[in-house]
Amino acid sequence: MMGSLCYAELGSSLPYAGGEYYHVRRGIGSLPGFIFIWTLTLFIRPASNAARALTFAEYATQPFFSGCPAPELLKKLLALVVLWILGVINSKSVNMAKWVQNIFTVLKMMALIIIIIGGFVALGVNKEASANFKNAFNSKVPNAAQTAEAFFQGLYAYGGWNYLNYMAEEIKNPSKNIPRTVITGVSTVIVFYLLVNISYLTVLTPKEIVSSAAVSITWADRTIPSVAWIIPVSVAISVFGSLNGGMFILGRLNYAGSKEGHLPAIISMLNVHHMTPAPAMIVSTIIASIFVIPSDLLSLTNYFGYASWLLVGLTSTSLIVLRYREPSLTRPYKVFLPIAFIVVAVSVFLVLAPIIQSPKVQYIYTLLFMLSSLLIYIPFVHFKLHFACFDKITCYLQLLLEVSPTDIFDDDKTL
């Protein structure tokens, strides 16, 4: 919630495409902005979308393999299929993507309501159900590194509060609607997830919850065995909608980075028929497809969670910098400034704790990947190195994809 309030100020005062990337670039500088978009577009967002696609495949295939795990190859293929279906939808029509998001959000809420009602019915019928709540969290106190990794898992479930900032240019009256939406949305998610977890603890023991690969399926098998398939299908629908949102945002991020000269020019171009950032969506889908290959959900979540909270810290730092450097900037909504300092402090903890207390080579790789962006930034952005062959490739891709620079759409006569 504190993070979403910080983003609400940035989004309402600087409603430009690119969200966090634009705010970091304006608040801290071009180099941090480039490192941000390099990490976000090539690692964090694609890894997040790959994790969602694999989660969808896990739940969508489970009803057909009752009592045993689905084949890994099948799940990977299904994850790739759903990634490319949504990639095509987002490349073809913004309205179609919006329609998909609205429909699947409603279905998601219906699934959560079913779980909540089922849990409270079980709590009312079975007098011994409340026993699971006793000492539910009575376990060994985790160390700092384990606490940080637990935060990565939990905060991943609560992700999405920064999505609106990426499409700020497309939102009506962003100065009012962004703060209202993020506060309402995060509050609703908190209430629903709290009630869902109460339902889980009513039916399952803490040990069963921890050992289950898909808690909602275990809950359904115990609560509504005759129609247990409803829950995994509902969860798959939920994840599908979440993945659609992730694909939509990643396309806008690539588009914004290209417009600022931090990514190839072809990525910022719009399809002349559908007015959508088709090249950006294609690039995003290809990278996400590569991340499907390892298919390790836990590792994917931890690693992009680790990197993403470093970027959240940078974004909140830019808010603090802009408060002092641009005090006259119009701010329709202003967050209580100590909240921004708290978000920065939590981000620092989440980044440093795993490395200091329980260093893993994967986290070092993540940092090295972020720093590798300097190899691109110095020659191509700072010194503006340019090769003529790039223009030929760009021209060929323009003709192939039927896309044009955004300037052409700003002039009705030219269009």
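Visitor: What makes helix 1 mostly covered?
Guide: Helix 1 has 11 of its 12 residues buried, where buried stands for under 20% relative accessible area, exposed for over 50% and partly exposed for anything in between (1.4 Å probe, protein chains only). The buried residues of helix 1 include Gly3, Leu5, Tyr7, Glu9 and Ser13. The model is predicted, so local features need pLDDT of at least 70 and side-chain atom pairs pLDDT 80 or more, while totals for chains, interfaces and linings use all residues. Residues are numbered from 1 along each chain as its sequence is written, and side-chain values use heavy atoms, with hydrogens and water left out.

Visitor: Why are helix 2 and helix 3 called roughly antiparallel?
Guide: Angles under 35 degrees count as roughly parallel, over 145 as roughly antiparallel, 65 to 115 as roughly perpendicular and the rest as oblique. The axes of helix 2 (residues 20-27) and helix 3 (residues 30-61) cross at roughly 160° and come within 7 Å. Helix 2 and helix 3 are therefore roughly antiparallel.

Visitor: Which residues make the contact of helix 2 and helix 3?
Guide: Contact means heavy atoms within 4.5 Å. Helix 2 brings Glu20, Tyr21, Val24 and Arg25, and helix 3 brings Ser30, Pro32, Gly33, Phe36, Ile37, Leu40 and Arg45. By class, 6 are nonpolar, 2 polar and 3 charged; Ala, Val, Leu, Ile, Met, Phe, Trp, Tyr, Cys and Pro count as nonpolar, Asp, Glu, Lys and Arg as charged, and the others, Gly among them, as polar.

Visitor: What makes helix 8 and helix 10 oblique to each other?
Guide: The axes of helix 8 and helix 10 (residues 215-223) cross at roughly 50° and come within 10 Å. Helix 8 and helix 10 are therefore oblique to each other. Ser199, Tyr200 and Val203 of helix 8 meet Val215, Ser216, Trp219, Arg222 and Thr223 of helix 10.

Visitor: Is serine 199 buried or exposed, and how do you know?
Guide: Serine 199 has 0% relative accessibility, so this residue counts as buried. Serine 199 lies in helix 8 (residues 174-203). Beyond its neighbours within four places in sequence, serine 199 is in contact with Ile115, Ile116, Gly118, Gly119 and Trp219.

Visitor: Why is leucine 243 counted as buried?
Guide: Leucine 243 has 0% relative accessibility, so the residue counts as buried. Leucine 243 is part of helix 11 (residues 230-259). Leaving aside neighbours within four places in sequence, its contacts are Asn49, Arg52, Ala53, Val82, Leu83 and Leu86.

Visitor: Why is asparagine 173 called partly exposed?
Guide: The relative accessible area of asparagine 173 is 41%, so the residue is partly exposed. Asparagine 173 sits in the loop between helix 7 (163-166) and helix 8. Its phi is near 50°, a positive value in a residue other than glycine.

Visitor: What makes glutamate 402 partly exposed?
Guide: Glutamate 402 has 42% relative accessibility, so this residue counts as partly exposed. Glutamate 402 is in the loop between helix 17 (388-401) and strand 2 (403-404).

Definitions and conventions
Axes are lines fitted to C-alpha atoms, for helices over the stretch in contact, and angles run from 0 to 180 degrees between N-to-C directions. Helices (H or I, at least four residues) and strands (E, at least two) are DSSP runs, numbered from the N terminus.
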